[in-house]
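Biologist: Walk me through this model. I want each label set against its definition.

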Amino acid sequence: MGNDQSNFDDLKRRQIEHERKTEKEKKELWNKWLIAEKEQKEQKMLHEAELQRERAKIETELKRQEEAKKMKLKEGQEFLRTEHLKREKAMRKAIEEEEQMKAQILHEEKRTSEERKTKELDKLRDEVPNLKPGDSIEFPNEDTTFAKELNVGLYGTTGIGKSSFINSLKFALKGELTELTMEQTSTDNFHGGNTVRRLPVRITKYLTFIDNRGVGAEDLETIDASNEIISQLEGRSSFAEKVEWRKESSSKKTLVNEEKQIHCTVLVFDAQNPQSVYTVLSKLVTEIFEWQGRYPIGVITHVDVATPDQLENMYVVLNSAGLVDTYEVANITRERKELSLDHQLNMLKLMKRCIKEGDRIFALRGRIERMEVQQAEEREREAEEVRLTQARFERERVEAQQAKEEEDARIAKEKKEALQKKIDAEVELVLQEKFEKDRLAREAREAIEAREAREAKKNKIFVSLAALVVLLVSIWWAVE
Ligand SMILES: Nc1nc2c(ncn2[C@@H]2O[C@H](COP(=O)(O)OP(=O)(O)O)[C@@H](O)[C@H]2O)c(=O)[nH]1
Ligand SMILES: [Mg+2]
């Protein structure tokens, strides 16, 4: 036990010693570390100072370089700017020059185009007034005789610009308007633009335009409007007659007056209102096409007030209805007393076109009419054939009936004869029997009679003898 204690003490002592020693070492180590750290710190500080200096150096260098760069850039920019300015100036000058050139070219073009147009206009102004029906047909059919003058029918809704269009035509021909055919000339009601009768306006020696009463979509719904149109085209309506689109017109009964025939039709539309033409077009165009065999000519008015879109739509609508031959115009109005060069040209081209179309229609109508006559003859022939066939059938039927009746009569007669024969035979037989009976009866009667006669004779003799006896007796008596 005492040993354990001393061991423990020894261990503790050694431990304390060790701890003391360790403490001392620790302290020394700590001091060493402190010194080392101090040195390190000093060195670090030195190094940092060094670094600081280095950095400062670099920074100044960088600053310097930056400054130099900035300077350079500034110089460069300045250079570029001046360069750019120079180039811009040069470019602007080039553009200006180009524009000037373009303007000059345009001006030149315009001048030449106007010159060209004016030339064309002059040419047409010389040409159009002398164009007459038949001129456009190089080799006319021998049996086609063209009208002396051509009537062009105008159709369109009220207020569309038909009457103004006639003034535009006149202007185009002369380049001025000496007399204004305003809507009042053809109207009962001037201010309403309400044309009710047709008004023929002679435009050239050979060309007359017929201003018409406005025809609306609702009119065209009716069969009377169709009849009125056809009656006008055929020349069955007089110009002075009041145009009635929705009333059965008496003109249907009127005979054709060739001078009143419409040889070419022009439909007038307002460029601002493509919507309104759908119904008019489909009906009117079909009607006219069926009669004249050609599509009517289209005129688009109000192009001065319509937007490009409206105008484009208008063309789409017209083309889709088959109207490809169309002419634009900004009409002569109370406010505008002139027609542009382009529109004058359009009007003259239209007149030329009318003559050409009129010729085609004239030839076509001639052909159509000849065809109609042929068809009528054909129909008449067919009807005649039907009549003849019917008559033949009827004759054959009657003959057959007669034959049948005769045959029936013959058979009946034969039957009758046979019957008669039979009856005769029977009668004969009966007669024979009767005769035989009679004979027998007669014979019997004769026999009886003979016997009776004999009896009578006997009686007579007897009577005579008796008488004789009496006589003789008497005589005897007498004698006696
Ligand atoms: N801005 C313009 N107005 C027009 C044009 N055509 C006709 N007018 C006007 O439209 C109105 C009816 O024209 P008008 O010729 O009497 O139409 P109509 O009933 O078809 O004969 C009038 O006031 C004209 O001045 C045109 O092309 N442009
Ligand atoms: Mg009018």
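Modeller: First, the term "near": a residue is near a molecule or strand if its C-beta atom, placed from the backbone, lies within 6 Å of it. This is a predicted model, where local features need pLDDT of at least 70, side-chain atom pairs count only at pLDDT 80 or more, and totals for chains, interfaces and linings use all residues. Residues are numbered from 1 along each chain as written, with chains lettered from A and ligands numbered from 1 in written order.

Biologist: Which residues come nearest to ligand 1?

Modeller: Gly 161, Lys 162, Ser 164, Asn 331 and Thr 333, out of 21 around ligand 1. Helix 2 (residues 162-174) gives the most to that shell, three residues. Helices are DSSP runs of H or I, at least four residues, numbered from the N terminus.

Biologist: What makes helix 4 close to its expected span?

Modeller: The expected span is 1.5 Å times one less than the number of residues. Helix 4 (residues 223-234) has twelve residues, and 16 Å is expected. Its first and last C-alpha lie 16 Å apart, so the label "close" holds.

Biologist: What follows helix 4?

Modeller: Gly 235, with a positive phi near 85°.

Methods: Helix = DSSP H or I, 4+ residues; strand = E, 2+ residues; numbered from the N terminus.
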